[in-house]
Amino acid sequence: MRLNRNELRKILYDFNSFSNRLLQADFQDYTDVLKKFLNFINNTPIILDYILDCGQCDWDLEDEIKQVQSSYGRKIFSTGNTEEEEIRNVYAVLQYLADKSIEVHYGICMGYSSSDKIQDKIKGFNNRFVMVLLRHIERYLTKVGIDMGLDDKIVYNVTVKNGQSIIATDNANVIATNSIGADTSELAKLIANVRDLSVNLSSKDQETVSDSLEVIEAEASSNKPKKSMLRTAIAALKNIKGITEFSKAVIELSEFVSTLIK
């Protein structure tokens, strides 16, 4: 597929928008919102190619879903042992639920929360199952953006092979490697850690985390990062009161970002 950084930013923006809508959907609207989310995924080649490159789910989906649905909360879905398994299995389950118009709150989500409230069970299903796929896709798109470099006008050809993005400018040949620069790789790792540890925060705080990390990602990849925006983003993250692990992850990210604003 051919796209430049601005087009990739729009894809990431739309992905975050559809993802946030799914995560906040009322249980009565969940199936319809899930279908809209999957329609976006299936019509966005850079994301769909990434998922399909992870292989086909080898589960008997009908049986697996019936087992969870009829267990009255005693059974939940496995995700897999590798990144590829997690991606293809979660995607396959969600696609099956959407294709068959199966209401998630009828048995599927019962084991994902001890709360008696259906909405809490939907939230648990999102946090413990759906979020696995969302984080992998978000991390992948972020890394593609980092690998693309700085010029918004250059058009890139992006393909996926063995879970790895292969990027070349128009009419160029490229040999794919398994690593990017140490600095960008470390930044992506620190950002992903903060994002992963934010899942138990309030919706408002999660939104703040998402917005702040987007600013850091954008400015860190800029030729001339705006120091004021980086400082503001880090300050917003530090003001969030989360668990110890989240605060530690923010500090580690802050220390890294501080090297960009000296």
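Here is a short tour of the nonpolar core and its aromatic rings.

Before you click, know that this is a predicted model, where local features need pLDDT of at least 70, side-chain atom pairs count only at pLDDT 80 or more, and totals for chains, interfaces and linings use all residues. Residues are numbered from 1 along each chain as its sequence is written, and side-chain values use heavy atoms, leaving out hydrogens and water.

**Stop one: the core.** Select Phe15, Ile47, Leu94, Leu97, Phe125 and Leu141, which touch the most other members of the 51-residue largest nonpolar core. (Such a core is a set of buried Ala, Val, Leu, Ile, Met, Phe, Trp, Tyr and Cys residues joined through side-chain atoms within 4.5 Å; buried means under 20% relative accessible area, with a 1.4 Å probe and protein chains only.) Now colour helix 6 (118-148): the largest share of this core, 12 residues, comes from helix 6. (Helices are DSSP runs of H or I, at least four residues, numbered from the N terminus.)

**Stop two: Phe125.** Zoom in on Phe125, buried with a relative accessible area of 0%. Its contacts (heavy atoms within 4.5 Å) include Tyr30, Leu94, Leu97 and Tyr112.

**Stop three: the rings.** Which residues do ring pairs link into a cluster? Select Tyr30, Phe77, Tyr112, Phe125 and Phe129. (Rings of Phe, Tyr and Trp, its six-membered ring, pair if their centres lie within 6.5 Å; planes over 60 degrees apart count as edge-to-face.) The structure holds seven aromatic pairs. Tyr30 and Phe125 sit 6.3 Å apart, centre to centre, with planes at 70°, so they are edge-to-face. Tyr30 is in helix 2 and Phe125 in helix 6, so this pair ties together parts 95 residues apart in sequence. Tyr112 and Phe125 are also edge-to-face, at 5.3 Å and 85°.

Terms used
Buried < 20%, exposed > 50% of the residue type's maximum accessible area, 1.4 Å probe, protein only. Helix = DSSP H or I, 4+ residues; strand = E, 2+ residues; numbered from the N terminus. Phe/Tyr/Trp six-rings, centres within 6.5 Å; stacked < 30°, edge-to-face > 60°. Lists of a residue's contacts leave out its neighbours within four places in sequence.
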